[in-house]
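I opened the notebook to record what I looked up in this structure. The entries follow in the order I made them.

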Amino acid sequence: MTQDRENGTRKTTETSLYVLDAIDDLGGGTLSELAEFTGMATSTLHTHLQTLIKTEHVAKIDGEYHLGMKIFYLGERARVRDKRYELARQTVSDLSERVAEEVTFCVEEYGRSIALFNKANRSHEDGSQVGQYFHMHSSASGKAMLAEYPEERVHEIADEYGLPKLTESTITDIDELLVELGQIRERGYAINREEEKGGLQAVAMSVHDPDGPVFGALCIIGPAYRISEPAEVADRIRPAAETLEQSLANRVRRPS
C-alpha cells in the first residue's frame, strides 16, 4: 500500500473511495462500464471492487456492482451521531405540519450543503432530498450559511468547487456572490431564485449554536409560483429557527 508523503494519505484508500463514488455516479454498473467511466485498468478496478465487497460496502447483483446497504447504515449512524441533530429533526417535523411545502434542514460539511432532514407535504416519511449534496452558492441553505462565514472561507469553498452554472439564474461570479451574501446578512434570510433547479424556489435561515457558530440552515422549498413572497416564507421559518436555537441553548445549560 503506497502512501502520499506530502499529505499523509494512502493512494489505495483514495482509489477505493473513488470507485465508490463512481458506482454512485453511474447508479451501479458492470466491471467494463466502471472501467470505462473511471479510466482504470480492469484488473486494478476488480481488485478494489473485491475488497469493497469483502468489507460489505459494495454488493454485486446480477453482474453489476452497486453500493451496499452498509453505506446506508453508516449514513444513518452519521445522521444520529450528534444529539443536536435530533432537535433539528423535530424542528423540521413540526414546521412541516404547519406549511404546505417541503421543509429541509441542512448542514455544511467539506464545503457543501447536505440535507440531513427533509419532510414534504406534512408527510411522516423522509423526503427525497435526505442525503443529497447541494452547491453552497446555488442553494438557499448554502447561501444562508455562507453569509455567516468569513470572506476567506467563502473564497476557499468557491476555489474548491467552483461556481457551476446550474440554471440561467445561478450566480457564477464570486463578486456577485459576495454582494448577495451581504444582502442576506442585512435581511436575515437567503433566497434561491430557481438557481439550483428551474421552477423551484426556496427560502432559508441559518441556525446558530449557543456560542455563535453556524449549526445549519432551515429551509422551505416549493414551486416558484407558490414561493413568490420570500419575506412571508421567512416569517414562517423564523419562529422555528429561533425555537431550535433556544432548544440548543437549553441542551447546553441542562445539567449532565
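Predicted model: local features only at pLDDT ≥ 70, side-chain atom pairs only at ≥ 80, totals over all residues.

Not counting residues up to four places away in sequence, V207 touches F105, P213, V214, F215, G216, A217, L218, A241, L244, E245 and L248.

Entry on helix α7.

I looked up which residues of α7 (residues 151-161) are buried, and they are V154, I157 and A158. Seen down the axis of α7, these buried residues fall within an arc of 100 degrees, so they line one face of the helix. I wrote the general rule beside this: an α-helix has 3.6 residues a turn, so residues three or four places apart point the same way. On the face turned away from the buried side of α7 I found the exposed residues E152, D159 and E160. I also checked what covers the buried residues of α7, and the cover includes α6 (140-146) and α8 (174-187). Just after α7, I noted that G162 takes a positive phi of about 75 degrees.

Entry on H137.

Is H137 buried or exposed? I found H137 in the loop between β7 (133-134) and α6. H137 has a relative accessible area of 2%; the cut-off for buried is under 20%, so H137 counts as buried. Leaving out residues up to four places away in sequence, H137 touches K143, L146, G162, L163, P164, T170, I171, L177 and E195. A polar atom of the H137 side chain lies 2.9 Å from the backbone oxygen of P164. I also looked up I191, which is 54 residues from H137 in sequence and 11 Å from it in space, C-alpha to C-alpha.

Entry on R226.

I found R226 in the loop between β10 (214-223) and α9 (230-253). R226 is partly exposed, with a relative accessible area of 41%. Not counting residues up to four places away in sequence, R226 touches A100 and E101. I also looked up S43, which is 183 residues from R226 along the chain, and their C-alpha atoms are separated by 53 Å.

Notes
Residues numbered from 1 in each chain as written. Heavy atoms only, no water. Buried < 20%, exposed > 50% of the residue type's maximum accessible area, 1.4 Å probe, protein only. Helix = DSSP H or I, 4+ residues; strand = E, 2+ residues; numbered from the N terminus. Arc of directions from axis to C-beta. Contact = heavy atoms within 4.5 Å. Polar contact = N/O pair within 3.5 Å; in protein donor to acceptor, adjacent residues only side chain to side chain.
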